Structure formats: C-alpha cells, structure tokens
Amino acid sequence: MAHDKLAVLIDADNARPAIVEGLLAEIAKFGTAHVKRIYGDWTKPDLNSWKDALLRHSIQPIQQFRYTVGKNATDSAMIIDAMDLLYSERFDGFCIVSSDSDFTRLASRIRESGLTVYGFGEKKTPEPFRTACDKFIYTEVLVRADESEAETAPKPRSVKELRGDTRLMNLLRGAIEAASDDSGWAGLGAVGSIVSKQSPDFDSRNYGYAKLSGLIKDIGLFETEERHIGNGKHIYVRPKSGKK
C-alpha cells in the first residue's frame, strides 16, 4: 500500500497552510504523492500565506481566476484536473483536500473506477463528502504542535465522555464482535479496518489519542493482549467479562 501512486489536489480556499507538513506526512503513510497541486486565485492577497509552504514542499499552484462573485471556479478546475488524471490511469488513489461538499460526486466517481480516495478537511466538512471517501481525516489533527493554531487540535477526552459516546462505543463493540474468533479475541488491526469502513472519518486522534490501542485501553471496558506472531507484535482485544 505504501507504494501506491497518489495525486494530491488541494483547494486553497478551504485549507490552511498550517496543515501542510502534517498533511504530507499523513499522505506518505498511504503512498507516494506523484502529483501535488493546489488551486486558487493567486492574484488575491488572501492566499499569500500559502506561498512559502508551496515552495518548501514543491506543491504546484494552479491559477484559477474568480470570474463571478459567489461562484467557485476553483472547484471546477480541481474536478476537471482530477478527471484528466483519473483517465490517465497512472494513479492508485487521490487525496482531496477541502472542506467543501462540492467534491462529493468527484470522490464517488473516482471510487467507482476502483481507486482509493483519501479526504482531508476540517470538522465542519459536510457528511456526504466525508462518507464518499474511503478514508477521511480531519485536518485539525494534522496541525503541528508548535504552530500558533495548535489549540484547535483535539484534547484527550475523559473516560466518562468516551463511554458516554454512543456512536463510538457501538462502532468499537460492533467491530470487535465482527473480527473476533471463537474465544472472543479480535486483532486490533482487523478492528481498525472494520471501523474505518463503517465510518470513514473515524480517527483515534479525534479523541486525543495517537493510536487506537491507547483509546481502547483508556475506555476501560476492553481487555488487551499482546501476542508475538512471527517477528512482530500484535495486539488483540475483547470485551471484559460482564462488560459486553
């Protein structure tokens, strides 16, 4: 998977420069960014803050004039380019960076062609776009700790808040049950995969945890076990007795 060829398309009107380093580091987990383009009207001063980041990370700015007030020409340019890249058949997946629901159909269309779509946007991103992606990551978790905007990063929730989050608990319990063997144990990797398929915007970092294992352990309703299989360590999880 890490060798996948990816096309990264960024909507400059709906993303912040502070996310760039975290964004590219996250994308590197999924594959290699063979194309990195960002779209906007670069004649306007409100995009000046992007310029240093573009030079530093070799992101190609695509100029798109705002022909009419209230109409987003940037979205159209991104969609046209995405379809051209899709038809080139050179890529395994796309990374669409925007909080705009206008890209919902684009994400669906790319997936219909058998390619993977990774979406990146703020928590305000409408649900239709989030669920149209294979995986959706909130950009708030990508801001570097030393950035002035880092206060937007999620803080760890209390155990009471975690247990009281019905959606979270149902996702975890359902995934563990689906991935479990006859003894009730489920591999954490399989659990994470099932949760992501059911909820593309799920990310343990949204709850203030770097890894799913930390989130599950702190909830306190599941027991975990580390097993040595081959040359690696694997974590298994199951509901605690009487806590199903």
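Reader: What makes a residue part of the lining of the largest cavity, and which residues line it?

Author: On a 1 Å grid over the protein atoms alone, a cavity is a set of points where a 1.4 Å probe fits but cannot get out, and lining residues have an atom within 4 Å of a point. By that criterion the lining consists of Asn14, Ala15, Arg16, Ile19, Val97, Ser98, Ser99, Phe120, Gly121, Glu122 and Thr139. The model is predicted: local features need pLDDT of at least 70 and side-chain atom pairs pLDDT 80 or more, while totals for chains, interfaces and linings use all residues. Residues are numbered from 1 along each chain as its sequence is written, and side-chain values use heavy atoms, without hydrogens or water.

Reader: How is the volume of the largest cavity defined, and what is its value?

Author: Grid points are joined across faces, edges and corners, and the volume is the space filled by probe spheres set on them. The largest cavity has about 40 Å³, and the structure holds one cavity of 30 Å³ or more.

Reader: How do the residues of this lining divide into nonpolar, polar and charged?

Author: Ala, Val, Leu, Ile, Met, Phe, Trp, Tyr, Cys and Pro count as nonpolar, Asp, Glu, Lys and Arg as charged, and the others, Gly among them, as polar. The lining of the largest cavity therefore divides into four nonpolar, five polar and two charged residues.

Reader: What is the volume of the largest pocket, and what makes it a pocket?

Author: A pocket is an open set of points with protein on both sides within 12 Å along at least five of seven lines. The largest has a volume of about 750 Å³. Of its 23 lining residues, Lys135, Gly192, Ser193, Ser196 and Leu212 are the closest to its centre. Helix α8 gives the most to this lining, with six residues. The lining divides into eight nonpolar, seven polar and eight charged residues.

Reader: Why is Tyr87 called exposed?

Author: Exposed means over 50% relative accessible area, buried under 20%, and partly exposed in between (1.4 Å probe, protein chains only). Tyr87 has 54% relative accessibility, and therefore counts as exposed. Tyr87 lies in helix α3 (residues 73-87), a helix being a DSSP run of H or I with at least four residues, and a strand a run of E with at least two, numbered from the N terminus.

Reader: How do you know that the buried residues of α4 line one face of the helix?

Author: The buried residues of α4 (residues 104-112) are Thr104, Leu106, Ala107 and Ile110. The arc is that of the directions from the helix axis to the C-beta atoms. Here the buried residues fall within 170 degrees, so they line one face of α4.

Reader: What puts the buried residues of α9 on the same side of that helix?

Author: In α9 (residues 212-219), Leu212, Ser213, Leu215, Ile216 and Ile219 are buried. They cover an arc of only 165 degrees around the axis, which places them on the same side of α9. Just after α9, Gly220 has a positive phi of about 80 degrees.

Reader: What is called a nonpolar core, and how many residues has the largest?

Author: It is a set of buried Ala, Val, Leu, Ile, Met, Phe, Trp, Tyr and Cys residues joined through side-chain atoms within 4.5 Å. The largest has 27 residues, and Ile10, Leu23, Ile27, Ile38, Trp50, Val97 and Phe120 have the most contacts inside it. Helix α1 gives the most to this core, with five residues.
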